[in-house]
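Reader: Got a new model to go through. Can you walk me through the sheet and the contacts?
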Amino acid sequence: MRPYQICVCGDSAINIVVADTISAEASALVRSAAARIQAAGIAGIEDIVPTFCAVMVAYNPETISYEELVSAVHANLDGLSAEGASAGKTIVIPVCYGGEFGPDLEHVAQFHSITPDEVVRLHTEPTYLIAMLGFLPGFAYLSGLNPDLETPRLEVPRVRIEAGAVGIGGAQTGIYPLPSPGGWQIIGRSPLRPYDAEREPAFLYAAGDSIEFEAISPDEYAEIEAALQAGTYEYRVKEAM
Amino acid sequence: MAKFTVCVPGLLTTVQDRGRMGYAASGFSPSGVMDRRAFSLGNLLVGNAANAPAIEFAFAGPTLEFENDAVVAITGADFNPRLDEERAPMYQAFVVRAGQRLSMPAAERGVYGYLAIANGGVDVPRVMGSASTNLKCGLGGFEGRRFTFGDVVNFHDTTPNPYYDFGPNHYRNDPFYHFEYLTQEIRVVPGPQSDLFTSRGIDTFYKERYQVSAQTDRMGCRLDGPQIESSRGSDIISDGIALGSIQIPAQGTPIVMLADRQTTGGYAKIATVASVDIPLLVQRATKQYVQFKPVSVIEAQRLLVAERDYYRNVRANARGRLTLEMPCIEPNDHAGEPTMPPVE
């Protein structure tokens, strides 16, 4: 019995699914599988995308057929196991919750019959592990959301969500790095930009790092934004022990 | 270095190639051309390598004033192209002389058009291995953005450059020329999450017709029509999105993910459009109909390889090579072309 299933994603991609729920072990399996496929250097593979429970492999079927790719994947994932992933750094992300920055905070609170302040308290409590980057450059999918905050996505996705927006989508939470359409419930916004091509490094974090959210006031938001523009803002990073 | 000036930019005119592969793990969309077949055929017509960067335009195209001679070909939607006051051909290489204005005013049929320029195409820096414009990140292509008034764009000097001649309007015999196929069913490979829909939902998806929504763009094609019933909501644990992935959000109508798609997402995916039929889909304008038909992954790949082999054969059998010295513009006689079936 293999510890994964292969799903067809059209004629140019497959999904190697290792689990059906989000867990630290699933993440470790995913990263291990992605690393093995990467190392195998299989001709025709164009992209390897690790996600919570699966690795998507995009390929060129003019170079390698579906059947050939599946054989190559099986050969390289023989004996797949969750190997210890090294601990990364933790970065603190200041967030102004509610008001114009978090138009869905009230809805999320009502959905769970708690106060908006309680949503903020529950959201800023955990240290979230970055399981993967995806969707947009620098968009981190975080594990660690309190189940009491799980909220379905919007029925009709918004056409535009602003950069820095912090939201909840189902069992997931995260921060939008760029303006984008999206279906998450937006509860706040950070003045920080997870991806900035002009900055060195362009990405604030990578898969395996962690994030903590910290509630700030609109005034503090404005101060941090000004400091970022002036180049005087100091990112708050806790290195791994 | 040869160049042209953008007199009229058009609505959405960008430099694209096949896309920026290899960075999806960091969240980068591949970008790249919407209609890969029309793009490749344009490069084939002017004798370029298949992936030479071309100019893509949509709905209303650009007007370009050339400062140098160029061999070009226009493919994709019929933009009723003009060279100064004369009608210019579609799907045929021709010469633009220094000082002439080439315009592609509006798409009469289809949505996306391509201008291929001989000898390697538009001269833009490769960013992360690709000339494609990523509009969201402002990266790649021409300064990371769409063309605007007065832009001066470089291209590789085409003098003297041989190019292929397939004769005027050869594409009428091209089995892949898609304007006769705009009402054809769109073939899809079921999955990866078709098990999250009820059998009634699956029936709806394959039996009903959908209409291209006005909210369709390079990122995705939104379709209007009957709701597709899911068995337990439409949210999944976010996973990877392939070209042509068909998401069904909670409202129940499909969104087909295209070149500028997000790399991952959390809506269940009922099927994935076969690569050979992506061009048929993207060339359908607002309000045009789409009907889906399931095929196996093996069949979808067989169709793709057959298409590749066809064009390899076309290239191998090109009647000859002309040079810049030969006049080659023939008025494009549209009278004999098959007419489009009426679109409801």
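**Sheet and contacts**

Author: An open sheet of five strands in chain B runs in the order E2-E3-E10-E5-E8, with antiparallel pairing. Strands here are DSSP runs of at least two residues (E), helices are runs of at least four (H or I), both numbered from the N terminus. Two strands pair if DSSP finds at least two bridges between them. This is a predicted model: local features need pLDDT of at least 70, side-chain atom pairs count only at pLDDT 80 or more, and totals for chains, interfaces and linings use all residues. Residues are numbered from 1 along each chain as its sequence is written, with chains lettered from A and ligands numbered from 1 in the order written.

Reader: Which are the edge strands?

Author: Strand E2 (14–16) and strand E8 (94–96) of chain B; each pairs on one side only.

Reader: How many bridges join E5 of chain B to E10(B)?

Author: Six, and the two strands run antiparallel. B:Ile74 has B:Leu115 in E10(B) as its bridge partner.

Reader: Switching topic. How many residues of chain A are in contact with chain B?

Author: 43, against 41 residues of chain B. Contact means C-beta atoms, placed from the backbone, within 7 Å.

Reader: Which element gives the most on the chain A side?

Author: E3(A), with five residues.

Reader: And how is chain B divided?

Author: Into domain 1 (2–167 + 319–336) and domain 2 (186–299), with bounds from an automatic or database domain assignment. Their contact takes 20 residues from domain 1 of chain B and 12 from domain 2 of chain B.

Reader: How far apart do the C-alpha centres of these domains of chain B lie?

Author: 29 Å.

Key: Contact = placed C-beta atoms within 7 Å.
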